[in-house]
Amino acid sequence: MSWSPGLNLLTGVNGSGKTNILEGINIISGWGPLERGTKTVSLPTWKSGSADVWLTGKLDTEYAEIIKVKVSGRFIIKIDEKTISATDLRWKVPVLTFLPNDMAILEDSASYRRRLLDMLLALLVPPYAMRLHDYRRGVRQKAFLLKNVSPTDIIDRVLLPLAAWIWKMREEAVQLLSECLNGSGLLPAKVSLSLKRGGAGCFYDYNDDYRRSVSMNRERELAVKMPMVGPHRDDMLIMCEEKLAAEALSRGFRRRVAIALMLAAADGVKRKLGRDPVLLLDEVTAELDAEGREMLFRSLLERETQVFAATAEENGNIFPGAVYKVSEGSVTQVK
């Protein structure tokens, strides 16, 4: 397929293959499967006769680079036949993905709000993904020690600089989102953002905050046998009129704030990297009223970024871009 450099809408009934297209783009941009934690070996090869599949895409740039990703037990990524890391590929092809559950970012669990920050930072700060991976591995090791009633002093010392650095990066990401958010034109009222450090936040210095908060929660961690302090328990507070936005706003307005956050992340990437990210939106128009859909489409059009939006709803007649019909894995451009 040769896609439009602007807005692309994929329509079709559930199970027709719309999300497969988004997942393919997500994979060849260095992110892997759409659902976090999905094993690559579980991706279907559709009776290809091989357990390995190559996905190929061409960038419409001056050099027309060819991206090839081998989907097997682990990903092998190449650009013009030269192996490249996922981190370098993400920087070259910045992509932001928003799934249906991300529309409930205000009222759902903190993990969705952390995901937004982590996705943004993985694009903007090359070492972030690896350090977050190291931190999560350390948290699992600490949980194992707590369950076996073993000392955790050594692992706490290892986790301290990682936790402090992640807190610093996340607070900078929240500040960037906040600056971009209120200029989106989608907000029903002024919204403020702040980072709530997991199990901490009483002390200004990041290192001091982690060290003293772990000490204060030592007995509690031993009782519940789980690490209670650190970025794995962070939350991003979304406030409106001094109340949580999830409580202050109607369902329709909460969806608009979720879209505004998505666009703020895209604006933040452009501000820091100097180029627009590609946006992958799966069923993003679900539960939006007609006014909300119109505002979303207008905002996407104003940004002049490439967008792939998938929906089972009939929005093709009002969508200001290329429209494709997906049916049983076949794609036909209809507008």
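Which residues of β1 lie on one side, and which on the other? Let's start there and then walk through a few other spots in this predicted model.

## A covered strand

Strand β1 runs over residues 7–11, and five of its five residues are buried. On one side you will find Leu-7, Leu-9 and Thr-11, while Asn-8 and Leu-10 sit on the other. Both faces of the strand are covered. If you are wondering about the every-other-residue pattern, here is the background: in a regular strand, side chains alternate between the two faces of the sheet.

## The partners of β1

Now look at what runs beside this strand. With β11 (residues 307–311), β1 pairs in the parallel sense over five bridges. To find your place there, pick out Leu-10, which stands opposite Ala-310 in β11.

Strand β12 (residues 322–327) also pairs with β1 in the parallel sense, over four bridges. Here the residue to look for is Thr-11, which stands opposite Lys-325 in β12.

## Aromatic rings that meet

The model holds four aromatic pairs. One of them joins Tyr-128 and Trp-165: the ring centres are 5.9 Å apart and the planes make an angle of 35°, which is a tilted arrangement. Tyr-128 belongs to helix α4 (residues 128–147) and Trp-165 to helix α5 (residues 153–181), so this pair ties together parts that are 37 residues apart in sequence. Both Tyr-128 and Trp-165 are buried.

Elsewhere, Trp-3, Phe-308 and Tyr-324 are linked by ring pairs into a cluster.

## Charges over rings

The charged end of Lys-68 sits over the ring of Trp-54, 5.1 Å from the ring centre. In a second example, the charged end of Arg-275 sits over the ring of Trp-91, at 4.6 Å from its centre.

## A closer look at Ser-29

Is Ser-29 buried or exposed? Its relative accessible area is 2%, and under 20% counts as buried, so Ser-29 is buried. You can find Ser-29 in the loop between α1 (18–28) and β2 (53–58).

The side chain of Ser-29 reaches two backbone oxygens: that of Ile-25 at 3.0 Å and that of Asn-26 at 2.9 Å. Setting aside neighbours within four places in sequence, Ser-29 is in contact with Leu-89, Arg-90, Val-93 and Val-95. Lys-68 makes a return here too: Ser-29 and Lys-68 are 39 residues apart in sequence and 9.8 Å apart in space, C-alpha to C-alpha.

Notes: Residues are numbered from 1 along each chain as its sequence is written. This is a predicted model: local features need pLDDT of at least 70, side-chain atom pairs count only at pLDDT 80 or more; totals for chains, interfaces and linings use all residues. Side-chain values use heavy atoms; hydrogens and water are left out. Buried means under 20% relative accessible area, exposed over 50%, partly exposed in between (1.4 Å probe, protein chains only). Helices (H or I, at least four residues) and strands (E, at least two) are DSSP runs, numbered from the N terminus. Two strands pair if DSSP finds at least two bridges between them. Rings of Phe, Tyr and Trp (its six-membered ring) pair if their centres lie within 6.5 Å; planes under 30 degrees apart count as stacked, over 60 as edge-to-face and the rest as tilted. A charge sits over a ring if NZ of Lys or CZ of Arg is within 6 Å of the ring centre and within 35 degrees of the ring normal. Contact means heavy atoms within 4.5 Å. A polar contact is a pair of N or O atoms within 3.5 Å; within protein, one must be able to donate a hydrogen and the other to accept it, and residues adjacent in sequence count only if both atoms are side-chain atoms.
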